[in-house]
Amino acid sequence: MHGMKAAMAAPLYRMALMSDNVDVWKQLAKVQNLSELGLKNEAEFIETVRAIKKSNILSGIRSTSLYNMEDGTYNAFNKGILGAKSKVAEASPFFFNRGEEFSRLVAFDVARRVMKDSDATANILDDANLIKIVGQADDFTQNMTKANQAAYQTGALSIPLQFMQYNIKLSVNIATAY
């Protein structure tokens, strides 16, 4: 129900997160009709940006399975000639990280919208509410963060199992949900 509007709002949130200036956020809120994005007004947009910043949901992106490829022990591309970081290592995580940011922003916004549907007066900047939003957003993204890392996602097993992580976690989440 909220996914499409949250997905449409995510690029504006991402642009707003590049600045700490509320005036920039206000200008971004005017780029598109906020009602088309399912937002009531500029204040709701700014409150959501503040909540995203406070939650730090984008700060853990380097803690994903891609970490090993970027900086970790099992990196095939990390060192170029004379130990300098290779161009492949610098460019390869870009698209993955942008996709990860997008999915986290959308999941966060959907969870925020669900909370607002159940309690329109809920303060999303309140720590208890923010914990609930982040928890539900993690559930929406199948808890694919370092905090929920299984033993098979570390060490030598992480390489052959990297493309099975989502399927395994989805199966576990479905099996334990009932």
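Biologist: Which helix holds Arg112?

Modeller: Arg112 sits in helix α6, which spans residues 93–118. Keep in mind that this is a predicted model.

Biologist: Buried or exposed, that Arg112?

Modeller: Buried. Its relative accessibility is 0%, and the cut-off for buried is under 20%.

Biologist: What does the side chain of Arg112 pair with?

Modeller: Thr48. A polar contact of 3.2 Å links the two side chains.

Biologist: And which residues is Arg112 in contact with, leaving aside its neighbours within four places in sequence?

Modeller: Tyr13, Leu39, Glu44, Thr48, Ile124 and Ile133. So Thr48 shows up as a contact of Arg112 and as its polar partner, while the buried state of Arg112 comes from its 0% accessibility.

Biologist: What about Arg104, where is that?

Modeller: Arg104 is in helix α6.

Biologist: Is Arg104 buried or exposed?

Modeller: Buried, because its relative accessible area is 10% and the limit is under 20%.

Biologist: Which backbone oxygen does the Arg104 side chain reach?

Modeller: That of Ile57, at 2.9 Å.

Biologist: Switching to the core. Which residues touch the most other members of the largest nonpolar core?

Modeller: Tyr13, Phe45, Val49, Ile52, Leu105 and Phe108. The core has 31 residues.

Biologist: Which helices each supply at least two residues of this core?

Modeller: α1 (3–16), α2 (22–28), α3 (42–55), α6 and α7 (127–140).

Biologist: Which one gives the most?

Modeller: α6, with seven residues.

Biologist: Take Leu105. What does Leu105 touch, not counting residues up to four places away in sequence?

Modeller: Ala10, Tyr13, Arg14, Leu17, Ile52, Ile57 and Leu58. Tyr13 is also on the contact list of Arg112.

Biologist: Now α3 and α7. How do their axes cross?

Modeller: At roughly 80°, and the axes come within 11 Å. The two helices are therefore roughly perpendicular, since that class runs from 65 to 115 degrees.

Biologist: Which residues meet there, between α3 and α7?

Modeller: On the α3 side, Ala51, Lys54 and Ser55. On the α7 side, Asp127, Leu130 and Val134.

Biologist: How do the residues of that contact divide by type?

Modeller: Three nonpolar, one polar and two charged.

Biologist: How far apart are Asp126 and Ala51 in sequence and in space?

Modeller: They are 75 residues apart in sequence, but 8.8 Å apart C-alpha to C-alpha. Asp126 lies in the loop between α6 and α7. At 35% relative accessibility, Asp126 is partly exposed.

Biologist: What is the phi of Asn56?

Modeller: Near 60°, a positive value in a residue other than glycine. Most residues other than glycine have a negative phi.

Biologist: Where does Asn56 lie?

Modeller: In the loop between α3 and α4 (67–70). Asn56 is partly exposed, with a relative accessible area of 49%.

Biologist: Zooming out, how many helices and strands does the chain have?

Modeller: Nine helices and zero strands.

Biologist: How much of the chain is buried?

Modeller: Buried residues are 37% of the 178 in the chain.

Biologist: And what share of the contacts with a separation of 6 or more comes from residues 24 or more positions apart?

Modeller: 65% of them.

How values were computed. Residues numbered from 1 in each chain as written. Predicted model: local features only at pLDDT ≥ 70, side-chain atom pairs only at ≥ 80, totals over all residues. Heavy atoms only, no water. Helix = DSSP H or I, 4+ residues; strand = E, 2+ residues; numbered from the N terminus. Buried < 20%, exposed > 50% of the residue type's maximum accessible area, 1.4 Å probe, protein only. Polar contact = N/O pair within 3.5 Å; in protein donor to acceptor, adjacent residues only side chain to side chain. Contact = heavy atoms within 4.5 Å. Core = buried A, V, L, I, M, F, W, Y, C linked by side-chain atoms within 4.5 Å. Axes fitted to C-alpha atoms, helices over the stretch in contact; angles between N-to-C directions. Parallel < 35°, antiparallel > 145°, perpendicular 65-115°, else oblique. Nonpolar A, V, L, I, M, F, W, Y, C, P; charged D, E, K, R; others polar.
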